[in-house]
Amino acid sequence: GCLIPRARVAAVPAERRAGMAAPPIDALLAQMNLDEKIGQMTQVDRTALIDGSEIHELFIGSVLSGGDSLAIPNTPSSWADGYDRYQTQALSTRLGIPLIYGIDAVHGVGGVKGAVVFPHNVGLGCTRSPELVEAVARVTARELAGTGMDWAFAPCVAVSRDERWGRAYESFGETPELAESLGAAAVRGLQNAGTSAGARDGTAVLACAKHFVADGATTGGRDRGDARLSEEELRRLHLPGYAAAIKAGVATVMVSYSSWNGQPMHGNRRLITDVLKGELAFDGFVVSDWAAIDRLPGPYLGDIETGINAGIDMVMVPIRFREFITGLKQLVTAGRVPMTRIDDAVRRILRQKARFGLWQRPFTDQTLTGEIGSPAHRAVAREAARRSAVLLKNDGAVLPLRKDARVHLCGSKADDIGIQCGGWTVGWHGRRGDVTDGTTIRQGIAATIGEAKLDYSTDAAGADRADAIVVVVGEEPYAEESGDRAKLALSSEDETLIAAAGRSGKPVVVLLITGRPLILGPVLDAASALMVVWLPGTEGGGVADLLFGVARPTGKLSYSWPANMSNIPLNVGDPRYAPLFEYGFGLTYA
């Protein structure tokens, strides 16, 4: 947990606790000593803090929760209380500069049990709707603000060019146009368009365009790998999303673990300083990825020097923060990192803290805490689940099913909220089971047609007694490197289940839960109807709405769908473009 003994917290002046106007940034910077400046540039994971007094001791400017760094107990109020305790430590320092708290809120505030979990970006890309994406991000911001946290490591504006990549589902799709339109919409939703009114109401949070740059173009789709492509391709495919996010006012940009033509991005001064900050005129601050400077070649002190001089403003040093602080101070003292670079970094960080009202509202607004998981928020997620799904096949107009039909639902994935949500859900990689609140696909169908008309099995036993069979298959949860795959195929268990359903002689509707296109093989022929619902999140009722015609499918593929592994990587515009389903494909009901 994050309980901090009260005796370890220095007194906080009343005006700081109540909220106050942000001081002039340059005047504040002039008062800061080197230790205070380096503290602002340091981001620490909550698990590395013993009791939080390190924030006061070292002037830490930012805390984060990594994928598995969760509050204990994992409740919205526990998160909010923890944030307020950490903030008290920051406000008790000499200058009382508030801290900023970040988390990977990539499809809602997925780390918080009870928060609404939305479809991952792969599904949102299929909606083609900036308005819906902005609404999703607005709800995410409100729920994030209800935890006290004020910085979402989102949106991911990667353009995923290889389906084997373990983060393909974090991308809106394979084209820069989707990253531009939907990435900018997400920034507007999170930041409430960056307006002063949004900052005043306490629901605007910092957005973070990531991962700069070309993380979706690595050879073989290997996460954290090397993107071997020309500068023309880099600019044409992978920079537009950042340009659009910057135009939308994005507060932060996160650097990618990956390399470009062999050079690690975290050390690429030309792209970070000259292109991002110079050419694209990004005036927010640049943050590193999790312990990413450690991956630069050479000794750790040299890694710090390389990363800061390349243009990184805040360094995510989740565990080694004391070593980082000591090292950076040594580098500045020795003249290896110029003071002008330090001042530029700190100025950028302080500007965003002032912009988002952290001095005025340093603590959690508990009225927002009560909104987390609300029916109104879940309604937005249900709409997103409906509009994300793509109907790929519908022979004989099997869909929509009649509400008076007897339906046999089969497959363990049909009744599993963890599988529906995928990675970055109450844990980094996600997991099977009852991980958070929500409605499974089974529960959604039961609520639509009534329990009496619904049979359920994990193996299709007794399916021949139904009018129609719905089989739910797909991927297990994963995140990042753990999701990299050399082959993209349904499991033998899923194929066996579909075959068993087919032996009933009844129409078989296959629902595919996945973070990317999979090789369908015989499954396409075996299914009367096939709908990919991606990773729909906590609101399985949205999938049921489509099955029974409460809503019509409108999703269009954000990825080209390969026919076999020899097709991969497959992207629209390729010289030999022969997909099973083209980019933009999607059926609907008559």
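Student: Where does Glu480 lie?
Tutor: Glu480 sits in the loop between strand S15 and helix H20 (492–502). Helices (H or I, at least four residues) and strands (E, at least two) are DSSP runs, numbered from the N terminus. This is a predicted model, where local features need pLDDT of at least 70 and side-chain atom pairs count only at pLDDT 80 or more, while totals for chains, interfaces and linings use all residues. Residues are numbered from 1 along each chain as its sequence is written, and side-chain values use heavy atoms, with hydrogens and water left out.

Student: What is the phi of Glu480?
Tutor: Phi is positive there, about 50 degrees, although Glu480 is not a glycine.

Student: Is Glu480 buried or exposed?
Tutor: Glu480 is buried, at a relative accessible area of 6%. Buried means under 20% relative accessible area, exposed over 50%, and partly exposed in between (1.4 Å probe, protein chains only).

Student: And what about the phi of Ala460?
Tutor: Ala460 has a positive phi too, near 75 degrees, and this residue is not a glycine either. Ala460 is in the loop between strand S14 (454–457) and strand S15 (468–474). Ala460 counts as buried because its relative accessibility is 9%.

Student: New topic. Which residues does the cis bond with omega of about -5 degrees join?
Tutor: That cis peptide bond joins Ile72 and Pro73. Pro73 belongs to the loop between strand S2 (62–65) and helix H5 (76–91). Another cis peptide bond runs from Lys210 to His211, with omega near 0 degrees. His211 is part of strand S5.

Student: You mentioned S2. Which of its residues are buried?
Tutor: Ser62 and Leu64 on one side are buried, and so are Val63 and Ser65 on the other, so both faces of S2 are covered.

Student: In what sense do S1 and S2 pair?
Tutor: Strand S1 (residues 42–45) and S2 are parallel, with three bridges. Two strands pair if DSSP finds at least two bridges between them. Val44 stands opposite Val63 in S2. S2 also pairs with strand S3 (residues 100–103), again in the parallel sense, over four bridges. There, Leu64 has Gly102 of S3 as its bridge partner.

Student: What do S1, H4 and S2 make?
Tutor: S1, helix H4 (residues 53–58) and S2 form a right-handed β-α-β unit. S2, H5 and S3 form a right-handed β-α-β unit as well. A crossover is right-handed if, with the strands pointing away from the viewer, the path from the first strand over the helix to the second runs clockwise.

Student: Which residues touch the most other members of the largest nonpolar core?
Tutor: Phe212, Phe324, Leu328 and Leu511, out of 191 residues in that core. A nonpolar core is a set of buried Ala, Val, Leu, Ile, Met, Phe, Trp, Tyr and Cys residues joined through side-chain atoms within 4.5 Å. H8 supplies the largest share of this core, eight residues. A second, separate core has five residues, among them Ile417, Cys421, Val426 and Val435.

Student: What is Phe212 in contact with?
Tutor: Leaving aside neighbours within four places in sequence, the contacts of Phe212 include Leu239, Tyr242, Val253, Met265 and Leu276. Contact means heavy atoms within 4.5 Å.

Student: Last one. Where is the place of Gly19?
Tutor: Gly19 is in the loop between helix H1 (14–18) and helix H2 (25–31). Gly19 counts as partly exposed, at 24% relative accessibility. Not counting residues up to four places away in sequence, Gly19 touches Trp359, Gln360 and Pro362.
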